[in-house]
Amino acid sequence: MLGAARRGGRSFAVLMRQLGQVAYLPTYQAMQDFTAARLDATPDTLWICEHPAVYTQGLAGKIDHILNAGDIPVVQTNRGGQVTFHGPGQVVVYPLIDLKRAGYFVKEYVYRIEESVIRTLAHFGVASHRVAGSPGIYVRLDDPFSHAALTGPAHPSDPFRGLGKIAALGIKVSRHCTYHGVALNVAMDLEPFSRINPCGYANLKTTDLSTIGVSVSWQEAASVLSQKLATYLAP
């Protein structure tokens with residue numbers, strides 16, 4: 001499927017591949033193979049999928065952030081960040097983007113992914129927020145529809161007090177091309193998050209759209225997020 005967007009007066013086309021539910025390890029290998037084989041003319045692509053239950057560790061991941069993996073496999077990866085969980089009911093999108101061709105750098109790439117998630121959640125009526133120094137997107141657990149800005153951590157010892165993480169991101173850039181990506185929690189079994197320190201933060205609460213009262217299908221959430229990414233990742 002081909003998605004198109006227009007920003008700054010220029011057209012941007014990106015291929016969208018709906019993978020369905022796929023095992024994590026073969027998908028991880030396929031991303032690496034795709035990136036290694038890219039040519040200058042290779043189209044940018046979004047891979048849209050969900051995974052069976054799996055914990056993934058980033059390059060900075062510490063084993064003590066996995067409290068009790070139980071029967072859920074743990075996969076070491078080469079993305080940035082710490083440990084996170086993937087499972088059914090979560091929309092995972094892997095943007096395979098040539099940043100040199102797109103004309104922006106990694107910091108802006110991360111910002112654009114986060115903005116895509118924020119706009120996706122706004123589509124469903126949810127107000128969401130960035131937390132400085134902590135990549136990902138967060139919502140107020142007591143009022144996820146409040147548009148009041150976060151004014152900074154009211155509790156310096158617990159900057160996430162009152163917040164729940166609803167989307168995580170972790171990226172890798174090789175030869176100025178990206179892989180790994182972003183995961184948006186839609187309607188999941190959240191219990192496995194309690195067995196880790198999500199993204200390396202003890203007691204960080206994790207939530208999903210279903211828990212905060214938004215009933216939306218996986219496919220609809222995936223469609224909106226992929227379209228927002230096609231728009232906000234445009235050159």
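Helices (H or I, at least four residues) and strands (E, at least two) here are DSSP runs, numbered from the N terminus. With that settled, on to the model. It is predicted, so local features need pLDDT of at least 70, side-chain atom pairs count only at pLDDT 80 or more, and totals for chains, interfaces and linings use all residues. Residues are numbered from 1 along each chain as its sequence is written, and side-chain values use heavy atoms, with hydrogens and water left out.

Start with Cys-199. It sits in the loop between E11 and H4. For background, most residues other than glycine have a negative phi. Is Cys-199 buried or exposed? Buried means under 20% relative accessible area, exposed over 50%, partly exposed in between (1.4 Å probe, protein chains only). Cys-199 has 18% relative accessibility, so it counts as buried.

Arg-175 also has a positive phi, about 50°, and is not a glycine. Look for Arg-175 in the loop between strand E10 (163-174) and strand E11 (177-185). Its relative accessibility is 47%, so Arg-175 counts as partly exposed.

Next, the helix pair. H3 covers residues 106-123 and H4 covers residues 218-232. They pack at about 135°, axes 8 Å apart. Axes are lines fitted to C-alpha atoms, for helices over the stretch in contact, and angles run from 0 to 180 degrees between N-to-C directions. That angle makes H3 oblique to H4. The cut-offs: under 35 degrees is roughly parallel, over 145 roughly antiparallel, 65 to 115 roughly perpendicular, and the rest oblique.

Who makes the contact, meaning heavy atoms within 4.5 Å? From H3, the residues include Arg-112, Ile-113 and Val-117. From H4, they include Val-224, Leu-225 and Tyr-232. The contact residues divide into seven nonpolar, three polar and five charged. Here Ala, Val, Leu, Ile, Met, Phe, Trp, Tyr, Cys and Pro count as nonpolar, Asp, Glu, Lys and Arg as charged, and the others, Gly among them, as polar.

Stay on Arg-112, in H3. At 11% relative accessibility, Arg-112 counts as buried. Where does its side chain reach? To the backbone oxygen of Tyr-232, at 3.2 Å. A polar atom of that Arg-112 side chain also lies 2.4 Å from the backbone oxygen of Ala-234.

Last stop, Arg-17, in strand E2 (residues 10-21). Arg-17 is partly exposed, at 42% relative accessible area. Leu-46 is 29 residues away along the chain, yet the two C-alpha atoms are separated by 6.1 Å. Leaving out residues up to four places away in sequence, Arg-17 touches Thr-45, Leu-46, Trp-47 and Ile-48.

Terms used. Contact = heavy atoms within 4.5 Å. Polar contact = N/O pair within 3.5 Å; in protein donor to acceptor, adjacent residues only side chain to side chain.
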